[in-house]
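Subject: Structure for your review

Dear colleague,

Please find the structure below, followed by an account of what was found in it. I would be grateful if you would read the two side by side.

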Amino acid sequence: MTFTQNHLLGIEPLHPTEITTILDLADDYVALNRSVEKHGLALDGMTQINMFFENSTRTQASFELAGKRLGADVMNMAMAHSSLKKGETLIDTALTLNAMHPDLLVVRHGSSGAVNLLAEKVNAAVLNAGDGKHEHPTQALLDALTIRRKRGRLHRLTIAICGDIAHSRVARSNLILLGKMENRIRLVGPPTLMPAQVGEFGVEVHDDMRAGLEDADVVMMLRLQRERMDGGFVPSEREYFQRYGLDAEKLAYAKEDAIVMHPGPMNRGVEIDGAIADDINRSVIQEQVEMGVAVRMACMDLLARNLRKSRERARLRGAANG
Amino acid sequence: MSIWFHNARLIDPETGTDSIGTLLVQGGQITERDGPCPDGAEAVDCGGKCLAPGIVDLGVQVGEPGAQHKESLRTAGLAAARGGVTTIIMRPDTDPAIDTPEVLEYVTRRATARTPVNIRAMAALTRGRAGREMSEIGLLLDAGAVAFTDGDRVVGNTRLLARCMAYAKGLGALIIGHPQDPGLSAGACATSGKFASLRGLPAVSPMAERMGFDRDMGLVEMTGARYHADQITCARSLPALERAKANGLDVTAGISIHHLTLNDLDLGDYRTFFKFTPPLRSEDDRRAMVQAVGDGLIDVICSMHTPQDEESKRLPFEEAAAGAVGLQTLLPAAMRLYHSEGLALPAIWRALSLNPAQRLGLDCGRLASGAPADLVLFDPDAPFVLDRFALQSKSRNTPFDGARMEGRVLASWVGGARIYHHEGQG
């Protein structure tokens, strides 16, 4: 049991044993979530604020449910419509909220690094729920938990991450996490959607789906934003589906028992064939959603423990000095 | 009024020498090298420290008019005096832009009254730096503009730029370009590569710089204009620059001290004080640039002084303003080239004072007799830790905050008058 972080800003700062710690605890929470009495007390008395500067339904709901199941008071702030539009800076918003003494801040923001900036200015434990094109750590952790439960391990697997890698924070967090756990990672997508010099991350890069999926244990599809389909990055929706959409023919190149993942929301018929998405023998997309709540409970639980410890230390120091 | 500097390590970029000697200043001009002390002259013992021509900083942004809360002419002058910069070449990216003789005259008048150092202004190449109509190049030239530039805005309309160059050629005016392909670099705030990919920042390939430079070289060849590239920062641009010079085009190039001393990894966890236009490059590029300065292929080192207040910088990286203050840190940062990169002091000073002065047709930047007595006395080895709140600029956005530096300005003179001296020095 090791977890030394005060914030969860990304996968990059995590040690592999910390990742394992989160996943082990999340396994327990999966069991709790499947029971009738779903209440834990890990966050009892704590205040959790969800600040979403970008619209989100699924991630926000998942964090809200995770907090409530652990006994926190949860407040949602849809920042996309709020004071930032009136000219208030991110820092001022953070300081305003900080004055209300939240214990956990869950933040999503459209700019890479914005959550790091915010974490420097507040006393709460900050969880990154996605910042720009940088990281989305809880998504990578829930993907890891899904893989570990479905494949029985989280190392020495061949994992193909397919689609819009360049604009995806999910892809970044996943390739860092899966790399740390010593898996073989393949990135598959058109060159226009591949980040520069990504080969230096120790991954294989393919622009052909068939070669990329060959003998893969896990096929992870990414969402392609609509605004990127109309000739800017790829010529058209139908050409993209034909070359990079996951259908039965392409999936046949992967291992027979390969699992299919997608962080959602899906564009059926663009990056994934509806029949594959609904195939209960291959698709684990619904499990991913379930694991999401458990992983977020585990992350908040661990951060809350460290928060209590550091506050207790500060209190003792204050008593000793006073 | 005469001053006789003795026991000085004279850094002469013109002759490329670095030797102990004396220097006599009379009536605001340098009159004699290595002569005896005449009667009645004030003797200044330099204690074996370096005496060099004052720095001519090509491309300083002063907030006046329009952004006095970031920097005023007065504070820029104070920072310059402490940094050994004796001539500030102002960029026209003020608000309003320096694009009419009236604004130029206003700035010049205020500068003379408020600053101890020389201030010369560049004028906008197009009206309002908007890239649509040519500014009054002839009238601005008569009013004292030393060069014409739209700053970091690229004139996207190639036909307009060609006309500006042809017109400027007729008047002998110098055009300063910002080599960058505007389409490729739109929205980018980092150099594409492994680090930018990891941080998820919108990035531009170094190729955009060479493409911008190649376009400008085409136009220079076509029109015969005098051209200076404000910043050449990538190894890939160097062969094009070398070729242009070899072909006899009237072309020079500069680089900011930040691109010579920092690289893209310094961005770290989204440190906005390291955001520049163009963005910091890879270590390979940085080293190639240092080499190019040493070889004389890159002519000018400048600070690209760009004051930004805390509010403009305390934002997510993509949204934060670019640029850093540099008037006061240019000299100590340049000493890194001397201490760590093996460049000789005369070679560094060729790029800091001689070349920019000659390119702009100024008489300063030299130690020869007849040159104005704009001088800086500095100790290249004095170590210190930079505290940004001790800077004289109104804005304190320096990437060198907390950095260990070597090189301290002990005193500076403009036209033979001492404008700064470090406490504890005679």
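A salt bridge is a side-chain nitrogen of Lys or Arg within 4 Å of a carboxyl oxygen of Asp or Glu. Please bear in mind that this is a predicted model. By that rule, one salt bridge is found across the interface of chain B and chain A. B:Arg199 forms this salt bridge with A:Glu12, and their closest N and O atoms are 3.0 Å apart. On the side of chain B that touches chain A, seven residues are nonpolar, four are polar and six are charged.

The interface may also be described by its contacts and its area. In total, 17 residues of chain B are in contact with 19 residues of chain A. The area buried between these chains is about 1700 Å², and carbon and sulfur atoms give 57% of it. Within chain B, the residues that lose the most area to chain A are B:Lys194, B:Leu198 and B:Arg314, together 34% of what that side buries. There are also eight residue pairs in polar contact between chain B and chain A.

I turn now to a sheet within chain A. Its five strands form an open sheet in the order β7-β6-β5-β8-β9, with parallel pairing. Strands β7 (204-206) and β9 (259-261) of chain A stand at the edges with a single partner strand each, so one side of each has no neighbour in the sheet. On average, neighbouring strands of this sheet are turned by 20 degrees against each other, direction ignored. In chain A, strands β5 (residues 158-162) and β6 (residues 184-188) run parallel and are joined by five bridges. A:Thr158, for instance, has A:Arg184 as its bridge partner in β6(A).

With kind regards

Methods:
Residues numbered from 1 in each chain as written. Chains lettered and ligands numbered in written order. Predicted model: local features only at pLDDT ≥ 70, side-chain atom pairs only at ≥ 80, totals over all residues. Heavy atoms only, no water. Contact = heavy atoms within 4.5 Å. Buried area = accessible area lost by both parts, 1.4 Å probe. Polar contact = N/O pair within 3.5 Å; in protein donor to acceptor, adjacent residues only side chain to side chain. Nonpolar A, V, L, I, M, F, W, Y, C, P; charged D, E, K, R; others polar. Pairing = 2+ DSSP bridges. Helix = DSSP H or I, 4+ residues; strand = E, 2+ residues; numbered from the N terminus. Axes fitted to C-alpha atoms, helices over the stretch in contact; angles between N-to-C directions.
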